[in-house]
Amino acid sequence: PQASLEKSTWKMLQIHLRHLKRLIGIRTRPASFSLNHLQAYVNARSAEPGLRGKLVGPVTIKKELATLNTAWRWAIESGILSRPLPKTARLRLSKVDEKPPFKTWGEIERIVARGGLSDLEAQDYWDCVYLDHTQVEELLTDVAARSIAPFLQPMFATAAYTGARRSELL
């Protein structure tokens with residue numbers, strides 16, 4: 001039930017189900033559903049554009065398959081379906097692109113300055129930047145100076161010093 005889930009979780013489930021319906025088709029009968037249907041889904045999703053000009057990755061596809069598996073199990077428990085979903089462990093997914101290791105701001109500036117990186121590769125490095133103590137203090141000072149809401153600076157500070165995620169902070 002929607003009320004039993006966080007709003008963001010419900011929204012993500014709806015996105016996953018929309019992709020599943022679009023590529024598997026709402027007319028596909030569960031009784032005829034096979035590993036071939038799942039592999040065709042994986043192949044189709046793997047060829048679609050994802051974020052920042054990349055293709056949809058295997059981590060995203062695994063999350064979508066987990067949503068399907070959850071819905072399928074619910075249907076079995078509710079008596080709507082009688083047979084289990086084919087084992088997704090047998091599926092062939094594309095190789096996972098590893099992110100670069102976390103680096104300081106200065107290290108990333110030096111790597112980017114050397115050249116030879118595409119804009120996308122440079123962005124991958126900037127996604128893995130961490131701030132040193134001085135930079136964290138500067139960030140928190142800027143947030144406090146520009147803050148339009150009194151809770152933002154403590155929220156930023158908590159995230160900076162504990163590593164808490166946005167959902168955890170909220």
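**Close-up views of a predicted model**

**View 1. Thr-67, a buried residue of helix α3.** At 9% relative accessibility, Thr-67 counts as buried, because buried means under 20% relative accessible area. Thr-67 belongs to helix α3, which covers residues 58–77. Leaving aside residues up to four places away in sequence, Thr-67 touches Leu-13, His-16 and Leu-17. Like everything shown here, this comes from a predicted model.

View 2. Eight helices and two strands make up the secondary structure of the protein. Read from the N terminus, the elements follow the order α-α-α-β-α-α-β-α-α-α. The radius of gyration is 22 Å, well over the 15 Å that the globule rule gives for 170 residues, so the protein is more spread out than a compact globule. Along its principal axes, the C-alpha trace spans about 60 × 45 × 20 Å. Buried residues account for 22% of the 170 residues. If we take the contacts between residues at least 6 apart in sequence, 52% of them join residues at least 24 apart.

**View 3. Surface and charges.** The protein has an accessible surface of about 12700 Å², and 56% of this belongs to carbon and sulfur atoms. There are 25 positive and 17 negative charges, and their mean positions lie 14 Å apart. The structure holds five salt bridges, and the next views turn to some of them.

**View 4. The salt bridge between Glu-48 and Arg-22.** The closest N and O atoms of Glu-48 and Arg-22 are 2.7 Å apart in this salt bridge. Glu-48 sits in the loop between α2 (35–46) and α3, while Arg-22 is in helix α1 (residues 7–24), so the pair ties together parts that are 26 residues apart in sequence. Glu-48 is buried, at a relative accessible area of 16%, whereas Arg-22 is partly exposed, at 45%.

**View 5. Arg-45 and Glu-64, a salt bridge from helix to helix.** The two side chains meet with an N to O distance of 2.7 Å. Since Arg-45 lies in helix α2 and Glu-64 in helix α3, the pair ties together parts that are 19 residues apart in sequence. Are these two residues, Arg-45 and Glu-64, buried or exposed? Both Arg-45 and Glu-64 are buried.

View 6. Arg-165 is exposed, with a relative accessible area of 59%, and Glu-168 is partly exposed, with 49%. Elsewhere, salt bridges that share partners join Arg-22, Arg-45, Glu-48 and Glu-64 into one network.

Key. Residues are numbered from 1 along each chain as its sequence is written. This is a predicted model: local features need pLDDT of at least 70, side-chain atom pairs count only at pLDDT 80 or more; totals for chains, interfaces and linings use all residues. Side-chain values use heavy atoms; hydrogens and water are left out. Helices (H or I, at least four residues) and strands (E, at least two) are DSSP runs, numbered from the N terminus. Buried means under 20% relative accessible area, exposed over 50%, partly exposed in between (1.4 Å probe, protein chains only). Contact means heavy atoms within 4.5 Å. The radius of gyration is taken over C-alpha atoms; the globule rule is 2.2 Å times the number of residues to the power 0.38. Accessible areas come from the Shrake-Rupley method with a 1.4 Å probe; for residues, only the protein chains shown count as cover. Lys and Arg count as positive and Asp and Glu as negative; His and the chain ends are not counted. The place of a charge is taken as NZ of Lys, CZ of Arg, CG of Asp or CD of Glu. A salt bridge is a side-chain nitrogen of Lys or Arg within 4 Å of a carboxyl oxygen of Asp or Glu.
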